[in-house]
Amino acid sequence: MSVSPAPVSPAVGSAPTQADLLDFVRRTAADTELIASLPLDPDGRTWLRLEGPGGSEAWLIGWPPGTGTGWHDHADSIGAFLTASGVLREYSLAARLPTDGWKNLELTEDVDRERRLPVGEGRSFGRHHVHEVLNESPEEHAISVHAYYPPLPRIRRYSRTGQVLRLEQVERPEDWQ
């Protein structure tokens, strides 16, 4: 298996920025040998941990047809992701949510955003970015590269009914072991 591209190092002692993370996922997605090395499962997502820039957490993720993440955020981490193979769709909220202390939140009508992300397309995002990512293809796998800084301290999972967002679960790294 090839190694992911050497990360562009942020200035000594500084954390990677959203731009650094986006640059990393872009360069990593261009490594066709690495992308082809990811084992794909027809029934569930697969992933491979990568070395991200400046102490960031990075992942190569395989998405079978019809799979997605559900609504979630990455708490206090900034991040970036890019489609390396196939097409992904991101639904997100253009709203700053309260960070803690709520279970149900009524969203205004104008907060929904949607992005189609074919090969080579991606995005970076700030802290508390709420979204869901889907492979809506009925037939083709998709592969993407993701990076987060600081490494994910928690992921909050939500359900959504109409304009009501409900906090369902808070996951921490120990839950993923």
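Tutor: Two strands pair if DSSP finds at least two bridges between them. Strands (E, at least two residues) and helices (H or I, at least four) are DSSP runs, numbered from the N terminus. This is a predicted model, in which local features need pLDDT of at least 70 and side-chain atom pairs count only at pLDDT 80 or more, while totals for chains, interfaces and linings use all residues. Residues are numbered from 1 along each chain as its sequence is written, and side-chain values use heavy atoms, with hydrogens and water left out.

Student: What is the order of the strands in the open sheet?

Tutor: The 5 strands have the order β1-β2-β10-β4-β8, with antiparallel pairing. Because β1 (46–51) and β8 (122–125) each have a single partner strand, they stand at the edges.

Student: What makes β1 and β2 a pair?

Tutor: The pairing rule asks for at least two bridges, and 6 bridges join β1 to β2 (residues 57–63), so the two strands pair.

Student: Why is the contact between Asp 73 and Arg 156 called a salt bridge?

Tutor: A salt bridge requires a side-chain nitrogen of Lys or Arg within 4 Å of a carboxyl oxygen of Asp or Glu. The closest N and O atoms of Asp 73 and Arg 156 are 2.6 Å apart, so the term applies.

Student: Is Asp 73 buried or exposed?

Tutor: Buried means under 20% relative accessible area, exposed over 50%, and partly exposed in between (1.4 Å probe, protein chains only). Asp 73 has 1% relative accessibility, so Asp 73 counts as buried. Arg 27, at 23%, is therefore partly exposed.
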